[in-house]
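The following exercises are to be worked with the sequence and the structure in view. Each task is followed by a solution in steps.

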Amino acid sequence: MFYDARDEVKFNDSLAAEVISDYRRSPSLFARCSARNLLYFWFAGKTWRATILDICIQLPFLLLTAAGIAIGGRRLDRSTLWICLLFVAYTMCVYALIHALARYSAPLVPILAVFAAIPLCRGIAAIRLRYQGRSARTARA
């Protein structure tokens, strides 16, 4: 416990200096920690059960989002797409350098859900067309 906020700031500064020193001595440590934190940003929970649930929920969501970006990226306004993607990348990088848990990705869900909806809507439209085609053939028969 800190009785003065200045003591806490000094302690945090000393920890930051130690981490920076470790990263300078071993740049691969920095790369490993950052890569691990990127995974943690999407999938790490406080318990193993939470982590497994995060993987089961986030992985399909991220795959749909990637598909939506690939499909919709050609049709969307490029500047809007880049602004969204840069915001997501910025948010991920902030936590990749510090500390990451899946709960920190929650503010990005509404933005990414727009992209995840693109392949879902396309799939629904394809099913509707197929169903309407069958209905038309059945009605003629």
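**Exercise 1.** How many disulfides does the structure hold?

*Solution.* The model is a predicted one, and it holds zero disulfides. To see why, begin with the cut-off: a disulfide requires two cysteine sulfur atoms within 2.5 Å. Next, take Cys33: the cysteine sulfur closest to its own belongs to Cys93 and lies 15 Å away, which is too far for a bond. Then take Cys93: its closest cysteine sulfur is in turn that of Cys33, at 15 Å, again too far for a bond.

**Exercise 2.** Determine how helix H1 and helix H2 are oriented to each other, and which residues make their contact.

*Solution.* First, locate the helices: H1 covers residues 5–25 and H2 covers residues 27–43. Their axes come within 4 Å and cross at roughly 110°. Angles of 65 to 115 degrees count as roughly perpendicular, and H1 and H2 are therefore roughly perpendicular to each other. On the H1 side, the contact is made by Asp22, Tyr23, Arg24 and Arg25; on the H2 side, by Pro27, Leu29, Phe30 and Cys33. Sorted by class, this contact has five nonpolar, three charged and no polar residues.

**Exercise 3.** Classify the ring pair of Tyr95 and Tyr104.

*Solution.* The structure holds four aromatic pairs. For Tyr95 and Tyr104, the ring centres are 4.5 Å apart and the planes are at 5°, so this pair is stacked. Tyr95 is partly exposed, at a relative accessible area of 26%. Finally, ring pairs link Tyr95 and Tyr104 with Phe41 and Trp42 into a cluster.

Definitions and conventions: Residues are numbered from 1 along each chain as its sequence is written. This is a predicted model: local features need pLDDT of at least 70, side-chain atom pairs count only at pLDDT 80 or more; totals for chains, interfaces and linings use all residues. Side-chain values use heavy atoms; hydrogens and water are left out. Axes are lines fitted to C-alpha atoms, for helices over the stretch in contact, and angles run from 0 to 180 degrees between N-to-C directions. Helices (H or I, at least four residues) and strands (E, at least two) are DSSP runs, numbered from the N terminus. Angles under 35 degrees count as roughly parallel, over 145 as roughly antiparallel, 65 to 115 as roughly perpendicular and the rest as oblique. Contact means heavy atoms within 4.5 Å. Ala, Val, Leu, Ile, Met, Phe, Trp, Tyr, Cys and Pro count as nonpolar, Asp, Glu, Lys and Arg as charged, and the others, Gly among them, as polar. Rings of Phe, Tyr and Trp (its six-membered ring) pair if their centres lie within 6.5 Å; planes under 30 degrees apart count as stacked, over 60 as edge-to-face and the rest as tilted. Buried means under 20% relative accessible area, exposed over 50%, partly exposed in between (1.4 Å probe, protein chains only).
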